[in-house]
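Please look over the sequence and the structure shown here before reading on. The paragraphs after them are meant to be read with both in view.

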Amino acid sequence: MRFLLLTRLSLLSLSALLLFSCNPEKEDFTSEPLKDYLPLVAGKYITYRIDSTVFTNFGRTTEVHSYQVKHVVDAQITDNLGRPSFRIYRYMRDLAGTQSWQPSGSYLITPAEDQIETIEDNLRFIRLHLPIKQDFSWKGNRFLPPDPYHTYQFANDDDMEDWDYYYQNTSSLFTYNSQTLSNVLNVIHIDQRISLDTVDVVNNTATIPKNAKAVFMRGTATDTIRINAVRPDIGFENLTIYNQASFYATLTGIKIPSGLGFSFAYAADRWYYPNSLTVAGNAVALPRVAYNAFILGTGTDSIKVSTTNLDTVNVKRISVFNKSNKDAYCNFNPAIAGLNLVGIPPGYGRTFELFGGQWRLYNNSNILLDKDPYIEGFAFGSTNYSVEKYAKNVGMVFKEFILWEYQPNTGGQGGPYTTGFGIRMSMIDHN
């Protein structure tokens with residue numbers, strides 16, 4: 001009996017030992033506070049040199065304008081959501097600093113529990129977010145409206161709300177006026193530079209380079225151009241083809257007219273419509289993140305479009321195109337029974353947008369799919385680049401923000417042109 005009792009105790013001890021020894025170690029990480037990198041005290045200021053790139057003469061001349069700007073913390077107020085915020089006044093003068101400071105507007109900085117926001121010109125950005133940790137990411141532009149820089153008439157800002165901000169280096173250096181600051185935090189917003197691959201049509205055939213992201217297809221054909229595109233590597237599943245050849249081109253049965261472009265996605269072993277949804281049981285489900293979705297296949301009755309998986313935090317506008325044989329019905333606000341149930345006939349599309357916490361039609365009309373949603377015009381090259389650096393106990397010490405698009409304008413007057421802007425800010429003084 002005693003031997004049996006000892007055996008049982010031994011087994012219990014062994015089980016406990018195995019249990020505790022197999023438990024994974026929890027990461028012990030404590031983040032630095034955000035206020036260390038963006039101190040907000042009335043009277044604090046930082047002076048920057050700014051180099052602003054602009055494209056003049058209808059986008060055919062590039063100019064760089066340089067000057068000084070000073071950002072001064074004025075006072076604590078409340079933003080339009082009633083949250084404690086700090087008003088920042090901005091002043092400008094010439095690059096040499098010989099002129100007096102002139103007022104140049106203001107903006108708000110709102111420190112929250114786990115993030116710091118700025119609001120300027122009604123655009124709201126999440127600049128910093130906890131935890132401060134290498135590679136931690138967040139949707140820094142998720143409060144932006146569609147096309148926030150629409151006056152430039154480019155495609156660079158089409159999906160800014162989906163940019164992933166992330167910490168790339170949490171302890172870098174920054175030098176100014178022969179002084180070096182340590183513990184500088186690098187925040188990358190986006191680094192996307194597109195240069196189109198040029199593909200020539202030969203014998204009515206065009207071969208796309210593997211892992212190409214955007215292609216400028218050119219040449220003369222006598223019949224429909226057959227596009228060959230192989231399976232891409234992971235991370236290269238999106239491909240845009242701009243057809244500047246003399247004839248229709250096709251890839252997986254999708255036609256691209258001459259002078260237009262189309263964006264494909266690779267899934268199910270083929271290049272096809274992005275976010276293609278095949279009808280099963282008279283139903284489809286929108287993916288978590290999508291800005292365009294295509295309903296394909298056949299149904300025996302009206303098709304129910306489920307929206308429950310849609311990420312309503314990061315997706316604010318979506319177009320649903322019905323290429324099936326039955327009406328498709330979307331209810332973007334299922335909590336409102338019987339309301340907002342929108343039907344999309346075959347061969348049409350509808351665009352929806354999130355407004356005031358509820359989905360609504362972007363415009364009250366169907367989009368006729370007598371042709372696929374092609375891209376008119378094309379970007380022969382473009383750059384989206386945005387980075388900020390923050391020094392401990394100082395604030396933002398560096399910023400670069402570049403959005404520009406180059407158009408070859410092969411069929412228009414005046415030749416190629418560039419549209420967009422670039423801003424580079426580098427600290428030269430602070431208190």
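Predicted model: local features only at pLDDT ≥ 70, side-chain atom pairs only at ≥ 80, totals over all residues.

Residues are numbered from 1 along each chain as its sequence is written, and side-chain values use heavy atoms, with hydrogens and water left out.

In soluble globular proteins, nonpolar side chains tend to be buried together. A nonpolar core is here a set of buried Ala, Val, Leu, Ile, Met, Phe, Trp, Tyr and Cys residues joined through side-chain atoms within 4.5 Å, where buried means under 20% relative accessible area, exposed means over 50%, and partly exposed lies in between (1.4 Å probe, protein chains only). The largest such core has 49 residues, and those with the most contacts inside it are L128, Y149, L181, V397 and M427. For V397, the contacts (heavy atoms within 4.5 Å) beyond four places in sequence include L181 and M427, and also Y48, F174 and K389. Apart from this core lies another, of 28 residues, among them I208, I225, L251 and Y266.

The next feature is a pocket. On a 1 Å grid over the protein atoms alone, a cavity is a set of points where a 1.4 Å probe fits but cannot get out, whereas a pocket is an open set with protein on both sides within 12 Å along at least five of seven lines, and lining residues have an atom within 4 Å of a point. The second largest pocket holds about 940 Å³ of space, a volume being the space filled by probe spheres set on the grid points, which are joined across faces, edges and corners. Its lining is made up of 43 residues, and H71, R90, E120, K399 and M425 lie nearest its centre. By class, the lining residues divide into 28 nonpolar, 8 polar and 7 charged, with Ala, Val, Leu, Ile, Met, Phe, Trp, Tyr, Cys and Pro counted as nonpolar, Asp, Glu, Lys and Arg as charged, and the others, Gly among them, as polar. Strand β1 (residues 45–56) gives the most to this lining, with 5 residues; helices (H or I, at least four residues) and strands (E, at least two) are DSSP runs, numbered from the N terminus.

Two of the residues nearest the pocket centre, R90 and E120, also pair with each other. E120 forms a salt bridge with R90, their closest N and O atoms being 2.5 Å apart, where a salt bridge is a side-chain nitrogen of Lys or Arg within 4 Å of a carboxyl oxygen of Asp or Glu. Because E120 lies in strand β5 (residues 115–120) and R90 in strand β3, the pair ties together parts that are 30 residues apart in sequence. R90 is buried, with a relative accessible area of 17%, whereas E120 is partly exposed at 26%.

The structure holds 18 salt bridges. In another of them, the side chains of D74 and R87 meet at 2.7 Å, N to O, with D74 in strand β2 (residues 61–78) and R87 in strand β3 (residues 84–94). D74 counts as partly exposed at 28% relative accessibility, and R87 is partly exposed at 26%. Elsewhere, D79, R83, E117 and R124 are linked in a network of salt bridges. R193 forms a salt bridge with D191, and R193 counts as exposed, with 53% relative accessibility.

R193 is also one of the residues touched by S382, together with N156 and W404 among others. S382 has its place in strand β30 (residues 381–391) and is buried, with a relative accessible area of 11%. I318, in strand β23 (residues 317–322), is buried at 0% relative accessible area, and the residues that I318 touches include L286, F332 and W359.

The backbone has some features to note as well. Most residues other than glycine have a negative phi, and most peptide bonds are trans. The peptide bond from L130 to P131, however, is cis, with omega near -5°. F58, in the loop between β1 and β2, has a positive phi near 60° and counts as exposed at 73% relative accessibility. N393, in the loop between β30 and β31 (395–407), likewise has a positive phi, of about 65°, and counts as exposed at 56% relative accessibility.
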